[in-house]
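Hi,

Here is the structure I promised to pass on to you.

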Amino acid sequence: MPDTAVALTSAPLQATEHFDVLIVGAGISGIGGAYHLNQQCPGTSYAILETQESFGGTWLTHKYPGIRSDSDLYTFGYRFKPWTGKPIATAEEIRTYMQEVIDENDIGQHIRYRHRIDRARWSARDSRWTVEGVRTDTGEPFCLSTGFLWMCQGYYRHSEGYTPEWPGMADFKGRIVHPQTWPKDLDVTGKKVVVIGSGATAATVVPAIAEKVEHVTMLQRSPTYFIPARNANDLADQLRTLEVDETWIHEIVRRRILHDQAVFTKRSFEEPEKVREELLGGVKAYLGPDYDIAKHFTPSYRPWRQRIAFVPDGDLFRGIRAGKASVVTDEIERFTAKGILLKSGKELEADVIVTATGFHLNVLGDIQFEIDGKPLDFSQTVTYRGMMFTGVPNMAWVFGYFRASWTLRADLVGDFVCRLLKHMKDKQARKVEVALRPEDKDMPLLPWIDTENFNPGYLTRGLHLLPKRGDKREWQHTQDYWREKNEIPAIDLDDKAFVYN
Ligand SMILES: Cc1cc2nc3c(=O)[nH]c(=O)nc-3n(C[C@H](O)[C@H](O)[C@H](O)COP(=O)(O)OP(=O)(O)OC[C@H]3O[C@@H](n4cnc5c(N)ncnc54)[C@H](O)[C@@H]3O)c2cc1C
């Protein structure tokens, strides 16, 4: 919980303003949510509350060298706003795109920056949430009320990344930095750098600094799958040559990419060995026959169990081939004054150690929730399609996809929330919550996600904090865009799972 959070024991404040909807977070999901409200529920009063000083969320927080998307922007972009740049985009390009969405749709007037929500209380008597927080610039408390909370706060804590505790860290004489809080004054020119980790972040930082450092080592405990490919989309380029309208190009290229991804995902389950060989073949093509691919780039898990990082133009591998970057697959015994002592007995010298070791899972924005005076424990709720939670009124959460672009789901949830708000209006209902139906009562309750299928560290570390899932599709976040794109729009809002009053 943030240091300056309002303690639960403090006296409740009085709301000074009321909004039909409050959106938490001005990242890609929150800005998308505002667009959908404008389009589908005109006349709805809303505000977006954002802790940081500007919009962008992930793309504002992360400032490490090379910061870029690892999925293509045709699908990571919104369905309603054509993407016209290269498929893999820098954080700055993504923010420019978001700025255009904000300007073109007059969303800026609704955003309140430097407003961190610490506490939200539901009152059944008033059928509303009271939201309290602190203005991070002045330290002043604020208090607003709303009929509906649209949670677009992402899934990890923005204030700091996750760094494991290794023995001897205090002995290290150089600098230890986490990519999520990359210091402005850090200059790695001519330095020896060790990057711990092998996910998308490590694979981005390593090539981004390779040219200026003396040497950069990517230290991994175990290898990851990578897809090296040209940062271009041939179909989009062809359609542009034919002067096809950008709106059409966006839609056609999205469909092509989503089709190809569906085929790839299916094959990863049905013929994992073949897919593995293809992925390794891509790496081999860059590193040549003499490189020890078996040791450094052959994961023990089957493809798609963790997100597969895209390496645009093979830049990571080009750095390795040029001798400026190298990969060490080993385990850390301890930190030393000069660097890192490995379990193999080898010592890696470093001036700077970058811990690309992931995130702290953040359940619903580190906000303390209360329902009619009782603290809410999300782990005791059951999720309705990863969007709503049993016993939690008037709230939806945008939790995107891991195997497909996050924003595909932000758009689907956007349509769902707008449909739900209109339905409530038609029914003159002030409250909606989901509840298990009689036929669901004996349903086994399982952890939020099946870790056999997807198991990144931040999720497995925080699984006990997340809502439960059932064994029916309605009560799961299935991570399956290809079925949800039809299922979510078809949800019957008068199903017994929705309780109104
Ligand atoms: C480095 C990195 C690269 C990624 N690349 C991709 C990619 O290529 N493709 C992909 O699909 N996914 C990617 N992801 C996942 C990514 O986080 C999501 O795709 C997406 O950006 C999440 O958007 P969001 O708006 O839901 O949440 P976020 O981007 O996390 O934004 C949430 C916002 O909510 C604010 N907030 C949180 N709590 C509060 C509170 N209590 N009060 C007020 N404001 C609050 C935060 O300050 C933040 O600005 C990446 C993640 C990281 C970290």
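Below is what I found, one topic at a time.

Before you start, keep in mind that this is a predicted model: local features need pLDDT of at least 70, side-chain atom pairs count only at pLDDT 80 or more, and totals for chains, interfaces and linings use all residues. Residues are numbered from 1 along each chain as its sequence is written.

Let's begin with the domains. The assignment, which is automatic or comes from a database, gives domain 1 as 3–159 + 360–500 and domain 2 as 169–355. Taken over C-alpha atoms, the centres of domain 1 and domain 2 are separated by 30 Å. Where they meet, 26 residues of domain 1 are in contact with 30 residues of domain 2 (contact means C-beta atoms, placed from the backbone, within 7 Å). On the side of domain 1 that touches domain 2, there are 13 nonpolar, seven polar and six charged residues. For those classes, Ala, Val, Leu, Ile, Met, Phe, Trp, Tyr, Cys and Pro count as nonpolar, Asp, Glu, Lys and Arg as charged, and the others, Gly among them, as polar.

Next, the ligand. It is surrounded by 32 residues, and the closest are Gly 25, Gly 27, Gly 57, Gly 154 and Trp 406 (a residue is near if its C-beta atom, placed from the backbone, lies within 6 Å). Helix H1 (28–40) and strand E4 (115–123) are the elements that give two or more residues to this shell; helices (H or I, at least four residues) and strands (E, at least two) are DSSP runs, numbered from the N terminus. H1 gives the most, with three residues. By class, the shell holds ten nonpolar, 18 polar and four charged residues.

Now some strands. Two strands pair if DSSP finds at least two bridges between them. Strand E1 (residues 17–24) runs parallel to E6, with seven bridges joining them, and His 18 has Ser 145 in E6 as its bridge partner. E1 is also parallel to strand E2 (residues 46–49), this time through four bridges, and Val 24 stands opposite Leu 49 in E2.

There is also an open sheet of three strands, in the order E13-E14-E15 with antiparallel pairing. Strand E13 (332–335) and strand E15 (347–349) each have a single partner strand, so one side of each is left without a neighbour in the sheet. Strand E14 (residues 339–342) is joined to E15 by three bridges, and Ile 340 has Leu 348 in E15 as its bridge partner.

Cys 143 sits in strand E6 (residues 141–151).

Leu 445 lies in the loop between strand E22 (432–434) and helix H12 (457–462). Leu 445 is partly exposed too, with 14 other C-beta atoms within 10 Å. With residues up to four places away in sequence again left out, Leu 445 touches Val 382, Lys 468 and Gly 470.

Happy exploring!

Notes. Contact = placed C-beta atoms within 7 Å. Buried ≥ 20, exposed ≤ 12 C-beta atoms within 10 Å, placed from the backbone.
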